[in-house]
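Please keep the sequence and the model in view while reading.

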Amino acid sequence: MGLTKQYLRYTASALFGVIASQKGNIVYVTLQGEKGRYVAVPACEHVFIWDTRKGEKVLILQGLKQEVTSLCPSPDGLHLAVGYEDGSIRVFSLLSGEGNVTFNGHKAAVMTLQYDQLGGRLVSGSKDTDVIVWDVINESGLYRLRGHKDAVTQALFLREKNLLVTSGKDTFVKWWDLDTQHCFKTLVGHRTEVWGLAFVSQEKRLITGAADSELRVWNITYIQEQATDPNEPESKKSKGSLAKAEKTSEVDEISDLDETPEERLLRCNKAGSIMREGRDRVVTLATDRTGRILACHGTDSVLEVFCVLTEDEICKKKEKKMRKAKKKAKPKSEEEEEEPEGSVEMSLQEEIQRVTSIKASAKIKSFDLILSPKGELKATLLLQNNTIESYILIPSAQVPQVVRASKITIGGHRSDVRTLAFSSDNIAVLSAAAESVKIWNRSTLQCIRTMACEYALCSLFVPGDRQVIIGTKTGKLQLYDLASGSLLETLAAHDGALWSISLSPDQRGFVTGGADKCVKFWDFELVKDENGTQKRLSMKQTRILQLDEDVLCVRYSPNQKLLAISLLDCTVKIFYTDTLKFFLSLYGHKLPVLCMDISYDGALIATGSADRNVKIWGLDFGDCHRSLFAHDDSVMTLQFVHKSHLFFTAGKDHKIKQWDADKFEHIQTLEGHHQEVWCLALSPSGDYIVSSSHDKSLRLWERTREPLILEEEREMQREAEYEESVAKEEQPVVAGETQGETGLAGKKTIETVKAAERIMEAIELYREETAKLKEHQAICKAAGKEVPLPVNPILQAYGNISPSAYVLEVFKKVKSSELEESLLVLPFSYVPDLLVLFNEHVQWGSEVELLCRALLFLLRIHFGRITSNQLLVTVIENLKKTTISKVSEVRGNQGCKGASPACMQLQTGPYAVHLCTTLVPAAVITNWCSKVSYSGGKEQSSFAKEPSAEDCRVPAGKFPRAHCRGFP
């Protein structure tokens, strides 16, 4: 059966009109060796890099579908970690602009990202209440930390200690020991959500910001461990450190009764508070890279800047204060004269001094700071109105002067675009919002004109494309000249909002409808310019039609015989244009019709309503051909494609849909906008669509030459729904382990399921080829001569490799971040074959690190079933011998001695290259494999007890590296 009707696919072509989205944060990035010039901002699903000096976009980091929620540059300035709405994280290279690393672990939006000091680890906090630590070098997850009861708002690594601090909307600040992966301290001194954290004074002070006007300051005292012999057993070390901890933590015994002495690594006591000027919650609290400057802002437009004094500056101030005190004091007795120096105390406000406040032009959403070696502070602000502002000040000056260095505004509107229009030549695009009208070049996406206007609701290009008309919320018509960018004329057309405008087919005039229950007819005319001798275009009202309800939408029929008017009473009235006599009433919608359009031949009228339905009517008798449930929210705009019965609708459900009015079928859905779609415009040729949304973005869609088959489209839609459902399913768990504070970092996704399927297919091929080889050997033996063996085409494609080598190749292609989750969903029936293959490849010395990592994980998740299988006892014994010897050999080759992890730092020019050579400790393998014993001459697997999650856990930083490589 041939195709009865062929459709052409529309695809996303470009994103423009957005300077920066509000969901994520702004950060300074280093490009071409320059610091403090370039900023990275979220732009819907992409990341834009802006040059603040020139106000130009220099780089776009392409995203997929989900909106960007968090950004964090790496310490070396070469990479940028990006967190998304769906919980995924991608690490982009700022040199190439490509995202090479992807982490999937969170089930909800990533709220915070932070690198450690060397850039080897990345921590992420999410709305799903979990904190995950990722290994950036190995491109895999280390562990998941559970404990918060609400969204995690901030996470910070300590520089000197292997500790992590997190804050959440559950009012708690938690301290995590990353060596043992557990929470050893919880600060409960906040009554409301904790929105920000910052370390100052060389990590001896922690500052927290909550939902009030108070910044709480906490003194941190680290309990130093006694100097111990490196060869001393762990038990003795813990006793030594415990003895010192008990002596130095008498005060802590009162506040931390619920904690055991072994868990006390530090004391954290409240030092006081700094009062902010703002009365609302803290939105962002952060320091610059040096920790010298502290800044915060609330939901208003003021950024408060503080300076944290160094220890030397505090000492100097104390001495100065002491001298002043001695001058004022009168000598009463000798005892009073010999006053100890420590009697002069510095208040918290003196140690953390308020510098100034930066007043932005709109509400601040996020900021970033950078302090130059000369003492100049640069602050870049991401504002709520789609603007980026940069300020410069010198904190050390007596009266710090704030100077605005740059402002990026031309690339977008300050508010939502409510109307769009295409020029007749398909080249120019008009967009109008509450404050301005912009004209864009469709091919270059550059803004070529910006003109101030009132709150725009509707628009059109005047025939000839030299002028545009805007209908406003106050009922005015504004006529602009595009060549000069000037406002030619303003007419008070309606007493209420002017909701709709429609150009007449003869192009001599137009019709408007407004909230004053009137429809007005206008003609173009040439009038003498008051300022000159030439004539200019003007508008003249010719007729008026009074109605009983507010007019929401007006449309001419293509032959100009009929005029359709949508009213607030949920009906559409059709009138004759010449006599203004009533012709038809279309009723059936339950809520007002917000948009409508008439087909090119005048046969059909389609109406879109706030009741989420689209109705297709015949214009000859007013009969309803079909009612379609179009969107999950109000249908905001509807337009027919020129010379066809296809039409597009857009709704508040963030989607744009294409429909066939003859077959009443849904053709395709254009997904891309992240918030309500307000309006769209089709080019006269039908090749382009421009849409605008509440996310401040304008999107261009282009018609391709690719045919669209409805059955394939439905199949793709079902596959997408299945992939979404996989991520929402219950995550697989490790048998015998209870859910505690820590867990696996990854999550089950469609990629991990596909990776597991590829491993299963490879093992099945290995089984088949092994069986064929045995059969071939038997045939050769029976025939007494060598018979040619048929080669599997898959193995032939890989260069005639062996079946076992093919399994290894498949394993190597599994992403490092997805390896554990792929093995977790792998059925146990494939595990015995894997163990045999692992033994074979480890003996050859192939991919020892990758195979050891997979082996340890398989032993952990299938411990009981492996140990109860008599056939695997010999395999485990062999694995024990080969892995220990090969791991020691590889470690020796890489220059590491002993079982401790080492990180060699090679200084090469201006960059330090860190070669991580951490491998699986031999003790871990021995601990696993030595459980197998023999008794009574029979092979038996006897285990004292099944190891718990604590026993199974590989210590932090000691995970085998699948791809150890240098990184600058």
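Helix α9 (residues 803–813) and helix α11 pack at an angle of about 95°, and their axes lie 10 Å apart; axes here are lines fitted to C-alpha atoms, for helices over the stretch in contact, and angles run from 0 to 180 degrees between N-to-C directions. The two helices α9 and α11 are therefore roughly perpendicular to each other, a label given to angles of 65 to 115 degrees, while those under 35 count as roughly parallel, those over 145 as roughly antiparallel and the rest as oblique. On the α9 side the contact (heavy atoms within 4.5 Å) is made by S804, A805, V807, L808 and F811, and on the α11 side by L834, L837, F838, E840, H841 and W844. By class, the residues in this contact of α9 with α11 divide into eight nonpolar, two polar and one charged, where Ala, Val, Leu, Ile, Met, Phe, Trp, Tyr, Cys and Pro count as nonpolar, Asp, Glu, Lys and Arg as charged, and the others, Gly among them, as polar.

The model is a predicted one, in which local features need pLDDT of at least 70 and side-chain atom pairs count only at pLDDT 80 or more, whereas totals for chains, interfaces and linings use all residues. Residues are numbered from 1 along each chain as its sequence is written, and side-chain values use heavy atoms, with hydrogens and water left out.

Helix α11 (residues 831–844) also packs with helix α12 (residues 848–861), at an angle of about 150° and with the axes 11 Å apart. That angle makes α11 roughly antiparallel to α12. The contact is made by V831, L834, L835, F838, H841 and V842 of α11 together with L851, A854, L855 and L858 of α12, and by class this contact of α11 with α12 has nine nonpolar residues, one polar and no charged ones.

The two packed pairs can be set out together.

| Helix pair | Angle | Axis separation |
|---|---|---|
| α9 and α11 | about 95° | 10 Å |
| α11 and α12 | about 150° | 11 Å |

Within α11, the buried residues (under 20% relative accessible area; exposed is over 50% and partly exposed in between, with a 1.4 Å probe and protein chains only) are V831, D833, L834, L835, L837, F838, N839, H841 and V842. These buried residues of α11 pack against α7 (750–783), α9, α12, α13 (863–867) and α14. After α11 comes G845, whose phi is positive, near 80°.

Helix α14 (residues 873–893) has 21 residues and reaches 30 Å from its first C-alpha to its last, close to the 30 Å expected at 1.5 Å a residue; the expected span is 1.5 Å times one less than the number of residues. Among the buried residues of α14 are E877, K886 and R891.

Two single residues complete the account. E67, placed in the loop between β5 (56–61) and β6 (68–73), is buried, with a relative accessible area of 5%, and residues up to four places away in sequence aside, E67 touches S21, K23, C44, E45, G83, Y84, E85 and H674. K540 lies in strand β41 (residues 535–546) and is partly exposed, with a relative accessible area of 41%. The C-alpha atoms of K540 and L491, 49 residues apart along the chain, are separated by 9.5 Å.

For the chain as a whole, the secondary structure comes to 16 helices and 62 strands, which are DSSP runs numbered from the N terminus (helices H or I, at least four residues; strands E, at least two). Of its 968 residues, 53% count as buried.
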